[in-house]
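Here are some notes to read alongside the model. Please keep the sequence and the structure in view while going through them.

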Amino acid sequence: MTLTSLIGFMAATLTTVSFLPQVIQVWKTKSTKDISLGMFSIFSSGVFLWLVYGILIEDWAVFMANSITLILASIILTFKLKYK
């Protein structure tokens, strides 16, 4: 693995894992009042496009990180819509 790939995987891991505390907090409290629906909708759309981009360029780091991030962001969006 090259240094560039290692940095990419580390960056992907950190940015993806950064969503876990928010997902856990939302899951526990069922509260999303301070989360912007617009921001998370736009963000999730961007993450989806990054996922598609990762597929098109056949980059597993981009694909996997954005797949997991999209799942976590979708959980938050689902709670946001469910507990308006």
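This is a predicted model: local features need pLDDT of at least 70, side-chain atom pairs count only at pLDDT 80 or more; totals for chains, interfaces and linings use all residues.

1. In helix 3, the buried residues are Phe 40, Ser 44, Val 47, Leu 51 and Gly 54. Viewed down the axis of helix 3, these buried residues fall within an arc of 75 degrees, so they line one face of the helix.

2. What lies on the face of helix 3 turned away from its buried side? That face carries Ile 42, Leu 49 and Leu 56, which are exposed. The cover over the buried residues of helix 3 includes helix 4 (60-82).

3. Helix 3 covers residues 37-56, 20 residues in total. From its first C-alpha to its last, helix 3 reaches 29 Å, close to the 28 Å expected at 1.5 Å a residue. For helix 4, the end C-alpha atoms are 32 Å apart; its 23 residues should span 33 Å at 1.5 Å a residue, so the two values agree.

4. Both helices have a capped N-terminal end. Ser 36 caps helix 3, with a side-chain oxygen 3.5 Å from the backbone nitrogen of Gly 38. Asp 59 caps helix 4, with a side-chain oxygen 3.0 Å from the backbone nitrogen of Ala 61. Glu 58, which follows helix 3, has a positive phi, near 55 degrees.

5. An unreviewed UniProt entry lists residues 6-24, 36-56 and 62-81 under "transmembrane region". In the model, residues 36-56 are 95% helix and 0% strand, with end C-alpha atoms 30 Å apart. Residues 62-81 are 100% helix and 0% strand, and their end C-alpha atoms lie 28 Å apart.

Terms used. Residues are numbered from 1 along each chain as its sequence is written. Side-chain values use heavy atoms; hydrogens and water are left out. Helices (H or I, at least four residues) and strands (E, at least two) are DSSP runs, numbered from the N terminus. The expected span of a helix is 1.5 Å times one less than its number of residues. Buried means under 20% relative accessible area, exposed over 50%, partly exposed in between (1.4 Å probe, protein chains only). The arc is that of the directions from the helix axis to the C-beta atoms. Contact means heavy atoms within 4.5 Å. A polar contact is a pair of N or O atoms within 3.5 Å; within protein, one must be able to donate a hydrogen and the other to accept it, and residues adjacent in sequence count only if both atoms are side-chain atoms. UniProt positions are given in the numbering used here, feature names are shortened, and annotations may be inferred rather than shown by experiment.
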